[in-house]
Amino acid sequence: MDRHRYGEQVEALKKYAAIAEIPPDPYDVAAGIAQKAMRFYDLALSPDEQRAYQYAMDNSDERGPCCCRCWRWQVYGGLGKFLIREHRFTGEQLVDVWNLSSGCGGGDEHRHG
């Protein structure tokens with residue numbers, strides 16, 4: 001884990017604190033939150049919702065909800081569908097959540113502008 005990047009992630013995720021389903025710490029996802037999000041993974045989206053989801057898939061740093069198709073992929077993929085359906089998130093907003101929620105450890109690709 002890159003401690004500098006981790007601190008930035010946790011701080012930036014605070015802007016989503018009003019949405020209990022978004023884990024505030026990408027390295028400590030509560031089981032209940034993960035289970036709820038996973039239930040949305042197979043949710044069929046409307047065409048407009050699917051466009052938002054596909055935008056996030058195409059534009060997130062990891063080209064999806066995680067870098068590999070592990071449990072995090074299903075958790076954050078389900079979370080994405082939940083956020084689009086229940087909170088009317090755009091693809092851009094979902095990209096932000098996914099990028100801030102990266103739990104794959106590195107900071108090598110992260111640069112300050």
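I began with burial: 44% of the 113 residues of the protein count as buried. Buried here means under 20% relative accessible area, exposed means over 50%, and partly exposed is in between, with a 1.4 Å probe and protein chains only. I noted at once that this is a predicted model, in which local features need pLDDT of at least 70, side-chain atom pairs count only at pLDDT 80 or more, and totals for chains, interfaces and linings use all residues. Residues are numbered from 1 along each chain as its sequence is written, and side-chain values use heavy atoms, with hydrogens and water left out.

**Overall build**

Next I looked up the surface. The protein exposes about 6,400 Å², and carbon and sulfur atoms supply 50% of that area. These accessible areas come from the Shrake-Rupley method with a 1.4 Å probe; for residues, only the protein chains shown count as cover.

Then I went through the elements and found 5 helices and 0 strands, running α-α-α-α-α from the N terminus on. The radius of gyration is 13 Å, close to the 13 Å that the globule rule gives for 113 residues, so the protein is as compact as a globular protein of that length. That radius is taken over C-alpha atoms, and the rule is 2.2 Å times the number of residues to the power 0.38.

Of the contacts between residues at least 6 apart in sequence, 74% join residues at least 24 apart. Contact means heavy atoms within 4.5 Å.

**Helix 2 against helix 4**

How do the axes of helix 2 and helix 4 cross, and at roughly what angle? I found that the axes of helix 2 (residues 31-38) and helix 4 (residues 71-87) come within 7 Å and cross at roughly 65°. The axes are lines fitted to C-alpha atoms, for helices over the stretch in contact, and angles run from 0 to 180 degrees between N-to-C directions. The crossing is left-handed, that is, the near helix is turned anticlockwise from the far one by less than a right angle.

I listed the residues that make the contact: A34, K36, A37 and M38 from helix 2, and Q74, V75, G78, L79 and F82 from helix 4. By class they come to 6 nonpolar, 2 polar and 1 charged. In this scheme Ala, Val, Leu, Ile, Met, Phe, Trp, Tyr, Cys and Pro are nonpolar, Asp, Glu, Lys and Arg are charged, and the others, Gly among them, are polar.

I turned to V97, which sits in helix 5 and is buried at 0% relative accessibility. Setting aside residues up to four places away in sequence, V97 touches Y16, I22, L79, L83 and F89. L79 had already come up in the contact with helix 2.

W98 lies in helix 5 too, and W98 is buried with a relative accessible area of 2%. Beyond its neighbours within four places, W98 is in contact with Y53, A56, M57, S60, G64, P65, Y76, G77 and G80. I also checked W98 against R63: 35 residues apart in sequence, 9.7 Å apart C-alpha to C-alpha.

**The loop between helix 3 and helix 4**

Is S60 buried or exposed? S60 is in the loop between helix 3 (47-59) and helix 4, and it is buried, with a relative accessible area of 0%. With residues up to four places away left out, S60 touches V95, W98 and N99.

D61 belongs to the loop between helix 3 and helix 4 but is exposed at 57%. From D61 to S102 I noted 41 residues in sequence and 8.8 Å in space, C-alpha to C-alpha.

**Positive phi**

Most residues other than glycine have a negative phi, and I wrote down two exceptions. R63, in the loop between helix 3 and helix 4, has phi near 55° and is exposed at 52%. R88, in the loop between helix 4 and helix 5 (91-100), has a positive phi of about 55° and is exposed at 58%.

**Last entry**

R5 is in helix 1 (residues 3-13) and counts as buried at 12% relative accessibility. R5 and S102 are 97 residues apart in sequence, yet 9.9 Å apart in space, C-alpha to C-alpha.

Methods: Helices (H or I, at least four residues) and strands (E, at least two) are DSSP runs, numbered from the N terminus.
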